[in-house]
Amino acid sequence: MSAACSICEVGPRDGLQNERAIVPARDKIRFVELLLAAGLREIEVTSFVSPKWVPQLADAEEVLLGVAGAARTHGALLSALVPNEKGLERALACGVGKVAVFTAASEGFTRRNINASIAESIARFEPVVRGAHAAGVAVRGYVSCIVRCPYDGPVSPDAVAETAERLLAVGVDELDLGETLGVATADEIAQVLERCARVRPLGEIVLHLHDTQGRARECVRRAVALGVRAFDGSAGGIGGCPYAPGAAGNIATEALDRELAALGYATSIDRGALAEAAGFIVSALAAARAGG
Ligand code: HMG
Ligand code: MG
């Protein structure tokens with residue numbers, strides 16, 4: 001039996017949302033085209049959030065519509081973050097393939113990130129999930145701050161599992177656990193995964209690691225040993241969350257792919273083409289910074 005792991009590329013969304021400089025839509029579109037050519041088969045392309053909260057992604061419509069044809073050619077799935085019904089409407093109007101709602105296991109982060117309590121956020125997601133499913137679109141549910149919150153400090157595995165259960169109760173199809181700050185040790189990741197395995201089998205959970213402290217690869221190894229088979233990555237390791245000050249980008253998709261290959265798990269990625277995509281976006285960011 002051939003062993004495989006899947007990688008969802010979140011660079012165009014998580015990678016670009018936290019940059020002071022705004023990358024032009026045409027460069028975002030080119031980036032996604034290069035990622036498609038590199039074999040990425042699921043790409044989180046943008047966010048249909050308030051442009052006042054995240055101006056970097058105010059061009060969500062232009063970007064999603066701009067890459068739809070290339071994604072069809074490659075048979076790839078394009079997803080986007082939606083915080084509420086307004087976001088869902090905008091995303092569906094552009095033919096999104098999958099949407100992601102997002103909350104956290106800590107109240108402080110949820111308030112600052114989406115201006116709601118955890119309970120309010122889940123209530124807000126109910127009609128979003130219903131509307132997405134009515135349109136035949138699957139829903140990912142993110143739980144952020146699975147180890148530590150930038151405002152409330154350490155987060156318990158029980159709190160993570162509780163938020164995960166609430167997301168599943170409103171009908172999300174996929175659970176994605178976000179280590180938003182990139183500070184976790186492999187032991188901390190193991191503790192939270194072991195607790196969440198009681199909520200959802202680990203083979204069906206996605207792990208979303210940031211890499212501020214350079215420990216994300218160790219965390220991947222431990223997660224794979226425990227049965228996780230799906231990860232998020234960001235080409236070039238770009239990014240971070242504007243509401244998680246000091247946190248660095250996601251684990252680089254290149255590093256993730258190498259780590260998974262070393263563990264004996266194949267992915268769909270062409271490494272040379274991925275390096276080209278990463279090089280392109282790093283240069284585009286440098287140009288945007290220089291121009292802005
Ligand atoms: P709010 O200000 O409470 O919203 O923000 P509101 O409903 O009161 O609306 C205020 C204004 O925003 C209104 O416009 C709405 O129409 C507009 P006005 O009447 O003032 O002109 N608005 C929208 N416009 C466009 N699209 C929408 C939308 N919704 C409202 N969807 C809200 C609440 C949730 C909208 C806001 O807090 C928000 O957009 N937050 C998003 C923050 C964000 O994107 N954070 C980063 C992503 S999460 C993350 O990075 C973590 C993750 O990577 C996992 C991990 O690492 O852990 C996923
Ligand atoms: Mg993130």
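Trainee: What volume does the largest pocket have?
Mentor: Keep in mind that this is a predicted model. Its largest pocket has a computed volume of about 540 Å³.

Trainee: Which residues lie nearest the centre of that largest pocket?
Mentor: The lining takes in 31 residues. Nearest the centre you'll find Val49, Pro83, Phe102, Asn113 and Ile114.

Trainee: Okay, on to the second largest pocket. Which element gives the most to its lining?
Mentor: That pocket holds about 170 Å³ of space, and 15 residues line it, with Ser6, Ile7, Cys8, Glu42 and Ala230 nearest its centre. Two elements give two or more residues each, strand E1 (6-9) and strand E10 (230-233). The top contributor, with three residues, is E1.

Trainee: Are helices H10 and H11 roughly parallel or roughly antiparallel?
Mentor: H10 (residues 253-262) and H11 (residues 271-291) pack with their axes 10 Å apart, at an angle of about 160 degrees. Angles over 145 degrees count as roughly antiparallel. So H10 and H11 are roughly antiparallel.

Trainee: Which residues of H11 make that contact?
Mentor: By class, the contact has three nonpolar, one polar and four charged residues. H10 brings Thr253, Glu254, Asp257, Arg258 and Ala261. From H11 come Arg271, Leu274 and Ala278.

How values were computed
Residues are numbered from 1 along each chain as its sequence is written. Chains are lettered from A and ligands numbered from 1 in the order in which they are written. This is a predicted model: local features need pLDDT of at least 70, side-chain atom pairs count only at pLDDT 80 or more; totals for chains, interfaces and linings use all residues. Side-chain values use heavy atoms; hydrogens and water are left out. Axes are lines fitted to C-alpha atoms, for helices over the stretch in contact, and angles run from 0 to 180 degrees between N-to-C directions. Helices (H or I, at least four residues) and strands (E, at least two) are DSSP runs, numbered from the N terminus. Angles under 35 degrees count as roughly parallel, over 145 as roughly antiparallel, 65 to 115 as roughly perpendicular and the rest as oblique. Contact means heavy atoms within 4.5 Å. Ala, Val, Leu, Ile, Met, Phe, Trp, Tyr, Cys and Pro count as nonpolar, Asp, Glu, Lys and Arg as charged, and the others, Gly among them, as polar. On a 1 Å grid over the protein atoms alone, a cavity is a set of points where a 1.4 Å probe fits but cannot get out, and a pocket is an open set with protein on both sides within 12 Å along at least five of seven lines; lining residues have an atom within 4 Å of a point. Grid points are joined across faces, edges and corners, and a volume is the space filled by probe spheres set on the points.
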